[in-house]
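Here are my notes on the model you sent over. Have it open while you go through them.

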Amino acid sequence: MSQSHVIRRPEENAYVYEVCISVDADAAADYRHWLNGHIHEMLELPDLFHGAELLEEVHDDASKANLYVRYSLPSKEKYREYVDTHAPKMRGAVPEKFNGRFTITARRLVHKLETFKNVAKSSVSGYVF
């Protein structure tokens, strides 16, 4: 691919807080429904998160659904504010019906260095990640 078709944008103060969740397959649809509302609640926390993505791993294990929530935030300090101020309440908000039906397999903060976009394959001239 020619470099002329790729937009490269450096990221400044862009962080992603990723939560990895493994859910029993027979509870996954209900859990995803609850998780959608939970993500909206997270985004309503004042001055912390800019957005979120919910992803599901594609795999052959029919017994589990692996979900990934990626919250974007501007700084490590905002992440620390979330952890110190809001995390205990938000992490404790999972309904009891899911007890024993899911596992948080990882929580991590990553620094987003750059974004790449293939302009030749996009019908949108501007982009937001």
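1. Why does Ser-75 count as buried? Its relative accessibility is 15%, and buried means under 20% relative accessible area, with exposed over 50% and partly exposed in between (1.4 Å probe, protein chains only).

2. Ser-75 sits in the loop between strand E4 (64-73) and helix H2 (76-91). Its side chain reaches the backbone nitrogen of Lys-78 at 3.1 Å.

3. A word on the ground rules: this is a predicted model, where local features need pLDDT of at least 70, side-chain atom pairs count only at pLDDT 80 or more, and totals for chains, interfaces and linings use all residues. Residues are numbered from 1 along each chain as its sequence is written, and side-chain values use heavy atoms, with hydrogens and water left out.

4. On confidence, the average pLDDT (the predictor's confidence in each residue, from 0 to 100) is 87, and 83% of the residues score at least 70.

5. The layout: two helices and six strands, in the order β-β-α-β-β-α-β-β along the sequence. Helices (H or I, at least four residues) and strands (E, at least two) are DSSP runs, numbered from the N terminus.

6. Back to burial, now for the whole protein: 33% of its 129 residues count as buried. As for contacts (heavy atoms within 4.5 Å), 77% of those with a separation of 6 or more are between residues 24 or more positions apart.

Note on methods:
A polar contact is a pair of N or O atoms within 3.5 Å; within protein, one must be able to donate a hydrogen and the other to accept it, and residues adjacent in sequence count only if both atoms are side-chain atoms.
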